[in-house]
Amino acid sequence: MDFDFPLRKIIHVDMDAFYASVEQHDNPELMGKPIAVGGGSKRGVVSAASYEARKFGVRSAMAGAIARRNCPDLIFVKPRFDRYKEVSMQIRSIFFEYTDLVEPLSLDEAYLDVTENKKGNPSATLIAKEIRQKIFDKTGLTASAGISINKFIAKVASDYNKPNGQKTVNPEEVLEFLENLDIRKFYGVGKVTAEKMYRLGIFTGKNLKEKSLEFLNQHFGKSGSHYYHVVRGIHLSSVKPDRIPKSVGAERTFSENLSSEIFMLEKLENIANELERRLQKSKIAGKTVTLKIKYSDFTLQTRSKTIPYFIASKDLILETAKELLYQSSLENSVRLLGISLANLNTEKEKEQPKKESVLVQLKFDF
């Protein structure tokens, strides 16, 4: 089958248990042991877990107390984000040896478009292998990679042979690969969506492909069109080297639950101070303030307000956050507060000139 759109050579590189691996590399005594980066206190949360810890069901975003219960020998390590950023920059420098079309998703993963690359290497598979080896030589850390015709498939493929492996999905293999894929492996399909799909008889990509666009839109809203197209190998999002943040925020988890708005005002001021610092550093302002409230039972609530002008100062952010706090009564005691600013002055026009559709044959060296 031919694809009626331009095919690209996209690599998704994903570091293996990045934070935990950095800690194990820097402290050899931790090698081979179950470790969790994050707080092990009653209020702590796991930021990352080593593969040794994952065998016991320890996962990121898990409460530290639950993680310790799952794995009594778990070693908690305090996060060192400056160190992770330093290593991430070393890794990113390797990416730029091959292409300027690098789109970081976080400190530990990125998309690369190597359709045309600085090495003149026609094989994206070999480029991915070279990059992973260079990362290991430079940092002592392992990475996994996915290689295919678009970002979506590359992202899915990078998880296929983890850790320290890679998977190439060639153009002629795309449709079969997607049809055989467990629906839980589709990037963007979380636990809730997967359960909903199960109820609708969708367990694999093949099942998904059998559903009409109308059916998917009816049951999944705006996401329906996305699911309809990606299972057919269609995902036209390009690698964006200058990814612009859609929001900037700061938040705090408290050692003790807060039960009154009065007790939260000082906390909000500290959060607003941090947010102002981040905004000034990035030279960003925004119009939409969102207050994030996580209750003691871990339920989450957000309250937002959009104002007619851009703001970046602590005083204006705090004033709006206070207004949102008093907007309605609290449902429970509070363990976390956060403030974010969106609708930023960095946002560009989403409308881009449409590229002429090109019929590309499957003779494509990966």
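Which strands does H12 lie across, and at what angle does H12 run to S9? The views below are taken from a predicted model, in which local features need pLDDT of at least 70, side-chain atom pairs count only at pLDDT 80 or more, and totals for chains, interfaces and linings use all residues. Residues are numbered from 1 along each chain as its sequence is written, and side-chain values use heavy atoms, with hydrogens and water left out.

View 1. H12 lies across S9, strand S10 (286–295) and S12, and runs at about 150° to S9. Contact means heavy atoms within 4.5 Å. Angles run from 0 to 180 degrees between N-to-C directions, and axes are lines fitted to C-alpha atoms, for helices over the stretch in contact. Helices (H or I, at least four residues) and strands (E, at least two) are DSSP runs, numbered from the N terminus.

**View 2. The open four-stranded sheet.** The strand order is S9-S12-S10-S11, with antiparallel pairing; two strands pair if DSSP finds at least two bridges between them. Strand S9 (247–258) and strand S11 (300–311) are the edge strands, each pairing on one side only. On average, neighbouring strands of this sheet are turned by 15° against each other, direction ignored. S9 and strand S12 (residues 334–344) run antiparallel and are joined by eight bridges. Valine 248 stands opposite leucine 341 in S12.

**View 3. Helix H12 against helix H13.** Helix H12 (residues 261–282) packs with helix H13 (residues 314–325) at an angle of about 145°, and their axes are 9 Å apart. On the H12 side, the residues in contact include Met264, Leu265, Leu268 and Leu279; those of H13 include Ile317, Leu318 and Leu325. By class, this contact has nine nonpolar, one polar and five charged residues. Here Ala, Val, Leu, Ile, Met, Phe, Trp, Tyr, Cys and Pro count as nonpolar, Asp, Glu, Lys and Arg as charged, and the others, Gly among them, as polar.

**View 4. Phenylalanine 186 and the nonpolar cores.** A nonpolar core is a set of buried Ala, Val, Leu, Ile, Met, Phe, Trp, Tyr and Cys residues joined through side-chain atoms within 4.5 Å. Buried means under 20% relative accessible area, exposed over 50%, partly exposed in between (1.4 Å probe, protein chains only). The largest nonpolar core has 56 residues, of which Ile11 and Phe186 touch the most other members. Apart from neighbours within four places in sequence, phenylalanine 186 is in contact with Phe152, Leu178, Leu181, Gly205, Leu208, Val230 and Val231. A second, separate core of 28 residues includes Leu268, Ile271, Leu330 and Leu337.

**View 5. Serine 50 in its loop.** Serine 50 lies between strand S3 (46–49) and helix H2 (51–54). With a relative accessible area of 1%, serine 50 is buried. Not counting residues up to four places away in sequence, serine 50 touches Ala17, Ala20, Gln24, Lys33, Pro34 and Ile35.

**View 6. The open three-stranded sheet.** The order is S3-S2-S4, with mixed pairing. S3 and strand S4 (75–77) stand at the edges with a single partner strand each, so one side of each is left without a neighbour in the sheet. The twist averages 30° from one strand to the next. Strand S2 (residues 35–38) pairs with S3 in the antiparallel sense over three bridges, and glycine 38 has valine 46 in S3 as its bridge partner. Helix H1 (residues 18–26) packs on the sheet and touches S2, S3 and S4, its direction making about 110° with that of S2.
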